[in-house]
Structures are given as structure tokens and as C-alpha cells.
Amino acid sequence: MLKQTEGSHAVAEAIALCRPQVICAYPITPQTHIVEALGEMVKTNELAQCEFINVESEFAALSVAIGASAAGVRAYTATSSQGLLFMAEAVYNAAGLGLPIVMTIGNRAIGAPINIWNDHSDSMSMRDAGWIQLYAETNQEALDLHIQAFRLAEALSCPVMVCMDGFILTHAYERVDVPTQQQVDAFLPAYEPRQILDPADPVSIGAMVGPEAFTEVRYLSHHKQLRALGLIPELATAFQKQFGRDSGGLIRTYRSEDAETIVVALGSVNGTVQEVVDEMRADGSRIGSVSICSFRPFPLGVLRDALQHAKRVVVLEKCLAVGLGGIVSDGVRKALSGIVLNGYTVIAGLGGRAITRASLRRLFEDAERDELEQVTFLDLNADAVSHELERESKARRTGPTAEAILRRIGTVASRIG
Amino acid sequence: MHEQEQQIKFYQTGTFTVGNRLLADDQRSVQADVHRTNSLNSGHRACQGCGEALGARYAIDAAMEATGNQLIAVNATGCLEVFSTPYPETSWQIPWIHSLFGNAAAVASGVAAAQRALGRSDVRVIAQGGDGGTTDIGFGCLSGMFERNDDVLYICYDNEAYMNTGVQRSSATPPAARTATTPAMGHSPGNVFGTGKYVPRIAMAHGIPYVATASVSNLRDLERKVRFAMGIHGARYIHIFVPCPLGWGSAPEDTIKIARLAVETGLFPLFEAQHGAVTASTPIRHKIPVTEYLKLQKRYAHLFGKEPDIDRIARIQMMADRNIAEFGLLQ
């Protein structure tokens, strides 16, 4: 059914259609609306046979989900930013135990300085925790990916994070097509756990493993993700057949077949990138883009196929590997191993800084002339930075850096361009 | 089989123990029953005289009996988890899961929620951990489980320090006790006075249906409390005193003796509480001075040097006396 609704609500409806049995909720902006909507559905019995638990922290949220999943039911939670960090130990644990929990990440920056707006620092910090990570471009895709996520998670006994940009997607009202319960039931079979806490057949889950087997256990986690490289496109095809929409898959290319310059990005910014590609194509540029949907497993093979003919690749990242540059770039460079081309990392959109068409066009034109640095910070206020560096070189007790920067810039926190 | 029930007065034996053969079947301890489940089976790696291994076996066997073997256990990281399980030699005869150090109560909440979702009201859930996993790192999740009144019995096996990592202080370590992080050195040797927390009281403050303390020295009392706890629903808490020969510097064969002395001195009061109010306590028959308890443990050796540390011993005696008054232990 077509409806105009908020991204968070669309995701909540998708989750409900997947018939979760335990949902753990802890508030953190910007994922809160998702669990609020689910709480309402459980309270009104629109979502039946489901336990909705208000927990005392994100660490507890995922821990409750771990217990529920190990006891054989479909478990779901959502978080963002500091919440994901606070549950970090449980994030690794859920993957290590092979529990097919699905968790939404409403992507948000990590402090300090505290910042509630969007970037990918939170989910990127957990990229090696053993979870599959899927990034949604649109609200429709966020909805669709959750339905695929449960099937993927349960097929592999591996937890899945569906990452959607905070505010940009979670709080945006857009038209989405919400499938019927019959459609979802036909796509998503009932959960059959590989391991279950059952008094009729007792097992010990989560016991200690020494050096004699730890490598093999870890290898099998890796192997699971390699299998996901095959399964994710299969599920996207099956989804297309069932629901009549293209959603998910490993990557999506846009006008990149004959492109000399290819932009690689994750999530909602791909919409803006594609608009700029269209503008520049109209002006004669040979530019295209690739959207990475599956960041874990990282699709080395298909990415190589999509990028290898280019003269240059610009990786647009909403996260920063401090002291190195890009996180996504690392994977892209690995995909292009042995291929000589110019690779650029662009850090953009940190803490909600808007990524505008104008900025991207300037950036891509610089790239086409190969006038970009290895690592570029899009729309960095160089004046504010150099002023602060100079101030710090002259005095010892300079106070909180963030405050000094804002004093220099003035109260323009709403500046978006 | 006893045709008629015999009235046995426990004081006649000089202790709270009495031979099972003198009792009717329904009064016999679960541990004395050849059909006990041995939920924590023999062959594990606990030290000689381990109070925690004993406490866990008593408690889980009693819970199994009370639930018709429909039990799932969640274990915090710690000695109990480590000595009982390295794959593939698990000692657990029941469905058992270990997730992390600080989340046993939350994982148990999840297991309990799953049983509700599955409509399995017969399957019951226990979470268990040591004092570190309960009173320190797991405290947030424990309090959350309590306040939601989740259908979980949480059992804390209290050996008063982090034993698994080599005897470091926890918030359950008593004053004056020597640990690796409260060495018996300086002007105030051992753990300082005036710190720590008493989790049974904090559990009661949540108003949960049932809170009890128990000791491995009082088997029937411990089993009765576990059975009672499994007979009701909601959040329940049992705090079991379990001596640790390795960490306390006591003889393995003295584990039960030390546990009994902790009760008889008043240092570890045995009581029960329902919905936040104390409902019963186990009286002390002959009050024993705390020195009898302290002297058996090397962690207190610095109190008994060439010149006994009269001041600190007196302060520990005051703690015992306060418990005796507070819980009405001398009747």
C-alpha cells in the first residue's frame, strides 16, 4: 500500500510485518521514533505475540535481544551513535554466538563534541564486529532491507545491522510502498534456530574456547560473510520477484559503465550524488557513481568490476578514520589492488554538515582535473581551523576547542551549506 | 519409607543439620536424593573446597526439582562460568548460556521474554553470577531486571572479591579483608571501612516479590529458599554466601565451617523479604565472636599479628552486632 509516512514509521511497519517476538527499546535520537511506533503497535495488539521491553540501557537492549534470540525467538532492537558504542561488547558477543538479531542503526555522529546529527561514525566503529551491515539509500529501501535482513540473518545465523541516515531518512516524510502481511509471510519463513536453549535438549552456549579452536571459529564467522556475498544478491532477486521492486543487493551502479570518474558512497547521499552526475553528464562529463549497500561483507569482486575501467575513483565518506583518512576508501583500494588509477578520499557530512549539490559539483570537477588532495574535507572552514591552531600555538590554557571554533564562526549552527 | 512422620528437633543434633534417614521423604534435602539432577555435574575445574561450586549445585538442583526440570540458566563471566565449561567438557546438564560479564540479568530477561512469547509458562529462568558480576559490573542490568519485575531468579554467589582474575576487591569485599588490590600494608591494611554495598537491601528497595540470603552451610534453608523462589513469579534475588579457599586463604576442608561461622557470628545474616519488607530471619543459637571466623582466613592475618589489631577487630564485631540487632537474630 502506498502511503506518505516518516522513515522511522515505515521501518517500524516493516519490522512489525516480520513478526518479531521480542523488541527491546531504549531511547536515543534519531532512532527513537522506530521503537516508539513499535511500542504502540504492541500495546494495541496490532503486533501480537510480541514482548516489548523498555530496558535501562543500550547494553541491556542488545543483551535482552541476545537472550531472546538464544531462546529461539525473532529479536529486534534499534540504536544510534553513543548507544551503539555503549552496547559494543554485546555487539561482538551477538555475532560471536551466531544469533540472527536484526538491529536498525539511525546513523549519527559520535562525540565528543556531542552531536545528534547524521554521519556514519557509529556503524563504522562496529564494522568488524561480525555483523552484516546494509546501508539504505531511501526510506523505501530502508523498509525493504529490514524484510531482507531477517531472512538473511536467519539463513546465516548472523546478526544484521540495517543502517539508515539519521534525520535525513529517519525523520523524512516520503512516499513508501508498504507490503502486505501475506507478501512478507511468503518471503520470510518462520525462524528455525540452529541452536536453542531448550530444557528438552540442553546445550551450553557461549563457553570458553582456547587457542586450539578459536581461529577456526573466527574463520567460520568470516566464511559466513563470504557466503553472504552470494546470498545478498539472491535475496534481492527473490525480493524483486515477490515485491516488484529493486532493493538491496551488494552495490548499485549509476551511469558508471563508461565513466572516467566514479564516485563511491554509502546511504542517502547517493541521491544527491546521482543528481550531480546527471547535471555533469548533461554538460559532457563522463562521470558516474556506485552506491555500496553491503559494507559488511565488503563486495570486493563486484566493486572491482564496477570501478576498474575508470581513470579515477572518488570515495565520499561520512566518517573519518582519524590519523588515516577514509574507512570506505581502504576497502575500495583493496578492491582495486593492482589497478593503476587515481583514488581520492573525501570526508563529507560529518555531524550533519549538509552535502550540497554545489559543493559536490565543485569537488567532482576538481577530481576530473586531478586537482584533489589524497584526503579532502568537503567544505572545511580553513579559516576557523587555522585561527584555532594559531591560538593554540600561542597559549597553553586555551579551553575547549569546540567552543573556541564556535566563537570564531558565530552562532550559525543552522548553517547547512 | 517412613510410615509416620517423626518430629525431629534439630537442636538435639547440636547443629542445624540432621541425618536424612531421620526425616520423612518430603523433608529430605534435594542433595540427599539419589535422583537429584546433578545439574552442575562432577568433573569440573573448581578448586578444592570451592564454595561457589557447592552453592551452584545446591541451588540449581533445587530449582530443577521445583520446576520439573524445566529450567534455563544464564551465567555471568566469572569463576563459575570458567571452571564449569571450557568446551567440549561442559558440566552443565541444563540449557545454559554465557554471554558477558555484566549482562547476565538482561540476557535472562530476554530468555524469559522469549518464553512468554512462545507461551511456555512452564519453562523458568535463572541468572547467576559472582559478586563482581552482580554488585559491580552487572549492577545496571540487575537493577533493570528488578524494576521491570521480569520473571527471573537471580542468584549471586558471593565470595567477596574477584576470584577469577586473582582476588581483587569488589564492592562486596568486607572491611579489613586483604585482596590483590587492597593489600595488607600501610596504615589501614586491607580493604577500608565504610565502603561497599549490600545488594540484598538494594534488591528489596526495588519492591520485588522475593529477596533472600542463604549460605552453603545451611543446605536445607538454601534449598527451601530456592524452591520458594521458583514457586512464585516476577523478579527474585537470592544472595548466597560461598567461601573461597584460594582467595580467603582458608583450608579447603573449612569451607562449610567458615560459612557457618559467618552466619553464627552475625556477619552474614540469613533472612527473607517479600515486596520490600523482611518476613523472616534465621536465629543464631549461640553468638560466636567474630575472631573465631576471622582467624581461619589468611586475608585477615594482619589483624592477628604480634599485637592484635584490637580496634579493627572491634569494628568488625560492631558490624556483626548491628546485623544481629537489625535482623533480630538473637531470640
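**View 1. Strands β11(A) and β14(A), side by side.** β11(A) and β14(A) run parallel and are held together by four bridges; strands are DSSP E runs of at least two residues and helices are H or I runs of at least four, numbered from the N terminus, and two strands count as paired if DSSP finds at least two bridges between them. Look for Val264(A), which sits opposite Val315(A) in β14(A). Helix α10 (residues 269-282) of chain A packs on the sheet here, touching β10, β11, β12 (287-292) and β14 of chain A, and its direction makes about 165° with that of β12(A). For such packing, residues are in contact if their C-beta atoms, placed from the backbone, lie within 7 Å. Angles are taken between N-to-C directions and run from 0 to 180 degrees, with axes fitted as lines to C-alpha atoms, for helices over the stretch in contact. α11(A) also packs on the sheet, with contacts to β10, β11, β12 and β14 of chain A, but its direction makes about 5° with that of β10(A).

A word on what you are looking at: this is a predicted model, in which local features need pLDDT of at least 70 and side-chain atom pairs count only at pLDDT 80 or more, while totals for chains, interfaces and linings use all residues. Residues are numbered from 1 along each chain as its sequence is written, and chains are lettered from A and ligands numbered from 1 in the order in which they are written.

**View 2. The whole six-stranded sheet.** Zooming out a bit, the strand order is β10-β12-β11-β14-β15-β16 (chain A), in an open sheet with mixed pairing. β10 (251-254) and β16 of chain A are the edge strands, each pairing on one side only. On average, neighbouring strands in this sheet are turned by 20° against each other, direction ignored.

**View 3. Two crossovers that share β15(A).** Strand β14 (residues 312-317) of chain A runs parallel to strand β15 (residues 342-347) of chain A, with six bridges between them. Val314(A) has Tyr344(A) as its bridge partner in β15(A). Together with helix α12 (residues 328-335) of chain A, these strands make a right-handed β-α-β unit; right-handed here is when, with the strands pointing away from the viewer, the path from the first strand over the helix to the second runs clockwise.

**View 4. The buried face of α12(A).** Which residues of α12(A) are buried? They are Val328(A), Ser329(A), Gly331(A), Val332(A) and Ala335(A). A residue is buried if 20 or more other C-beta atoms lie within 10 Å of its own, exposed if 12 or fewer, and partly exposed in between, with C-beta atoms placed from the backbone. Down the helix axis, the buried residues of α12(A) fall within an arc of 160°, so they line one face of the helix; the arc is that of the directions from the helix axis to the C-beta atoms. They pack against β11 (261-265), α11 (300-307), β14 and β15 of chain A.

**View 5. The seven-stranded sheet.** This open sheet has mixed pairing and the order β3-β2-β4-β5-β7-β6-β13 (chain A). Its edge strands, β3 (51-54) and β13 (294-296) of chain A, each pair on one side only. Strand β2 (residues 22-25) of chain A runs parallel to β3(A), joined by four bridges, and Cys24(A) has Ile53(A) as its bridge partner in β3(A). Helix α7 (residues 139-156) of chain A packs on the sheet, touching β5 (102-107), β6 (132-135) and β7 (160-165) of chain A, with its direction at about 170° to that of β7(A).

**View 6. Where chain A meets chain B.** The contact takes 36 residues from chain A and 37 residues from chain B. On the chain A side, α3(A) gives the most, with nine residues. β9(A) and strand β2 (residues 96-98) of chain B pair in the parallel sense over two bridges, with Ser204(A) opposite Trp96(B) in β2(B).

**View 7. A loop residue, Arg397(A).** Arg397(A) lies in the loop between α14 (382-394) and α15 (401-409) of chain A. With 4 C-beta neighbours inside 10 Å, Arg397(A) counts as exposed.

Key: Contact = placed C-beta atoms within 7 Å.
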